[in-house]
Amino acid sequence: MKEIIETLIKEKKYFEIRKQLNELNTVEISEVINEFEISELVIMIFRLLKKDKASDVFPYLDSEHQEMIIHAATDIETKNIFDELYFDDIVDIIEEMPSDVVKKILKNTDAKDRHLINQLLKYPDNSAGSIMTTEYVDLEKNMKVSEAIEQIRNTGKDKENIYTCYITDEQGKLKGVLSLKELIAKKDDTIIEDIMNRNFISVQTNDDQEAVADMFKKYDLIVMPVTDHENRLLGIITIDDVMDVVEQEVTEDFHKMAGITAPAEETYLKTNVFTMAKQRIGWLAVLMISDTISGNIIQGYEKVLAQSIILTAFIPMLMSTGGNVGSQSSTVVIRALALGEISPKDAFKVLKKEFSISIMVSIVLAILNFIRLITLEKIDLMIALTVSVTLVFTVIVSKIVGALLPLGAKLIKADPAVMATPLITTISDAVTLIIYFKFATLFLKI
C-alpha cells in the first residue's frame with residue numbers, strides 16, 4: 001500500500017489516495033502512515049482523511065508521527081482531533097509528548113476536559129487511576145427505565161462503553177451496576193434501584209494496574225468501575241486498556257528475567273543503543289563479579305584437577321545443565337505466581353513437586369550420561385560415576401533453588417522475575433562445582 005500511495009503522490013492523484021485510504025479500516029490506515037518516514041508526506045496523507053476517520057486513526061500512530069502532526073496542525077485541527085478522542089487515549093498520548101506539544105493539546109481542549117485530563121495525569125504511574133477513562137454511563141437510582149434509556153440515547157455517543165451502566169446516589173457514590181441488556185428487557189416504568197445489581201467488582205484509583213488485570217481475568221470482565229476511598233465513582237477501565245497493561249507487564253518481566261534493569265519505552269529498533277546498553281550493563285557487571293565465586297572454587301581444588309585433568313572437561317556440561325534446569329523451574333514458578341495459581345504459602349507444595357520432578361529428571365539424565373561416557377568416550381568407570389552422581393545432585397539442587405528463589409522474592413514483596421535466570425545460574429554454578437569436587441575427592445581418592 002505504501003508504494004501505491006507514493007506513486008499516487010508523485011502523480012498528484014490526491015482524490016485517489018483518499019479513496020484508497022477510506023477502503024481501509026482504522027488500524028490498517030495507521031500502519032500505512034507509520035511506514036512513512038517523518039516528513040511532510042505524513043501530514044499530507046493524514047489531512048486527506050475525513051475528520052472523524054482522522055481522529056480514529058490518530059491514537060494508533062507512532063508517537064513520533066503524532067508529535068509531528070500536532071506540530072503542523074492548526075489549533076482548529078488539533079481541537080477536532082482531540083474532541084473525538086476518549087480521555088484515556090488523550091492521557092496516553094500526552095504522557096508521550098514533549099511539553100510544548102502538551103501545551104498545544106491542552107490549549108485546544110475546553111476547561112472541563114483540561115481539568116479531567118490533569119486529574120488523570122496526577123495518578124501514580126501503573127495505577128488504576130492512570131489507565132481509567134471518565135466516559136461512562138451513570139444513572140440515578142430513582143430513574144425509570146424509560147428515562148434511563150433516553151439518557152443513554154442522548155449521551156451514549158460520547159461514552160467509551162454503554163453496555164454497562166453505573167448507578168450512583170446524590171453524593172456520586174457507586175451503588176450498583178446494570179447491563180444494557182438487562183435494562184432494555186425491563187418495562188418502561190420499572191425503577192432502576194429495583195433492578196440494579198448490588199454485587200459488583202470495583203477497584204480504587206491507587207490499586208496497581210497488574211492487580212487490576214488479574215481481576216479482569218479472574219472475573220472474566222470487559223469493563224470495571226474505579227472509585228476513590230469513599231466509593232465515589234471516578235471512572236472505568238475497559239478491556240482494551242487491560243490488554244495494554246498485560247503486554248507492558250509481560251515485557252517488563254521478560255526484561256527482568258534476562259537481567260535488564262528496565263524495559264525500553266520505545267520499540268526495539270527505535271530505542272537508542274546507549275539506552276539499551278545502560279539497561280543491560282548493571283546486571284551484567286553484578287553477575288560478572290559474582291561469577292568470580294566459581295573461579296575461586298576451582299582455584300581451591302587445583303590439586304584435584306592437577307591429578308585428574310580430565311575432570312575439567314565436564315565442568316561446562318555440569319554447570320550448563322544446572323543453569324538450564326534452574327531456569328526451567330523459575331520460569332514455571334514465576335508464571336504461576338503471575339497468574340495467581342500459587343503464593344509463598346504454597347512453598348512446601350512447590351518444593352515437594354519440584355523435588356519429585358528433579359529426582360525423575362536427574363536419574364534419567366545421569367543414566368544417559370553414564371552410558372555415553374562409558375561406551376562412546378571410553379572414560380574411566382570412577383570418573384564417569386563421579387560426573388553422573390554430581391549430575392543427579394546438581395539437577396535436584398538447581399530445581400529447588402530455581403523454584404524457591406521467586407517464592408522468596410514474592411514473600412519480601414520483591415519482583416519474582418528478578419530472581420530468574422541470571423541469579424539462579426550464578427548460584428547453581430557455585431553449588432555444582434562444590435558438589436563436583438567433593439565427589440571427585442571421595443570417589444577418586446585424590
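**Figure 1. Strand 2 as an enclosed element of the predicted model.** In this predicted model, strand 2, which spans residues 161–168, has 6 of its 8 residues buried, so the strand is largely enclosed by the rest of the structure. The chain reaches strand 2 from strand 1 by way of helix 12 (residues 145–155), and the β-α-β crossover made in this way is right-handed. Strand 1, residues 136–140, pairs with strand 2 in the parallel sense, over 5 bridges. Within this pairing, Asp138 has Tyr166 of strand 2 as its bridge partner.

**Figure 2. Helix 4 and the helices around its buried residues.** Helix 4 runs over residues 40–48, and its buried residues are Val42, Ile43, Ile45, Phe46 and Leu48. These buried residues pack against helix 1 (2–10), helix 2 (14–22) and helix 3 (26–35), as well as against helix 5 (51–57), helix 6 (63–72) and helix 7 (75–83). Phe46, one of the buried residues of helix 4, has a relative accessibility of 6% and therefore counts as buried, the limit being 20%.

Figure 3. The model contains 7 aromatic pairs. One of them joins Phe46 and Phe58 in an edge-to-face arrangement, with 6.0 Å from centre to centre and 65 degrees between the planes. This pair links distant parts of the chain, since Phe46 belongs to helix 4 whereas Phe58 lies in the loop between helix 5 and helix 6, 12 residues apart. Phe58 has a relative accessibility of 0% and so counts as buried. The ring of Phe58 also pairs with that of Phe82: their centres are 5.6 Å apart and their planes stand at 70 degrees, so this pair is edge-to-face. Here too distant parts of the chain are linked, with Phe58 in the loop between helix 5 and helix 6 and Phe82 in helix 7, 24 residues apart. Both Phe58 and Phe82 are buried, and the ring pairs link Phe46, Phe58 and Phe82 into a cluster.

Figure 4. Strand 4 and strand 5, the latter spanning residues 223–227, pair in the parallel sense over 2 bridges. In this pairing, Val203 has Val226 of strand 5 as its bridge partner.

**Figure 5. Two loop residues with positive phi.** Asn126, although not a glycine, has a positive phi of about 65 degrees, and it lies in the loop between helix 10 (111–121) and helix 11 (128–131). The relative accessible area of Asn126 is 32%, and the residue is partly exposed. Asp220, likewise a residue other than glycine, has a positive phi near 55 degrees and is placed in the loop between helix 15 (209–219) and strand 5. With a relative accessibility of 70%, Asp220 counts as exposed.

**Figure 6. The protein chain as the setting of the close-up views.** The secondary structure of the protein chain comprises 23 helices and 6 strands. Its radius of gyration is 30 Å, whereas a compact globule of 446 residues would have a value near 22 Å. Along the principal axes, the C-alpha atoms fill a box of roughly 90 × 65 × 35 Å. Of the 446 residues, 43% count as buried, while the chain exposes about 24400 Å², of which carbon and sulfur atoms supply 58%. Among contacts between residues at least 6 apart in sequence, 68% join residues at least 24 apart.

Methods. Residues numbered from 1 in each chain as written. Predicted model: local features only at pLDDT ≥ 70, side-chain atom pairs only at ≥ 80, totals over all residues. Heavy atoms only, no water. Buried < 20%, exposed > 50% of the residue type's maximum accessible area, 1.4 Å probe, protein only. Helix = DSSP H or I, 4+ residues; strand = E, 2+ residues; numbered from the N terminus. Pairing = 2+ DSSP bridges. Right-handed = clockwise from strand over helix to strand, strands pointing away. Contact = heavy atoms within 4.5 Å. Phe/Tyr/Trp six-rings, centres within 6.5 Å; stacked < 30°, edge-to-face > 60°. Rg over C-alpha atoms; globule rule 2.2 N^0.38 Å. Areas by Shrake-Rupley, 256 points an atom, 1.4 Å probe, with all protein chains shown as cover.
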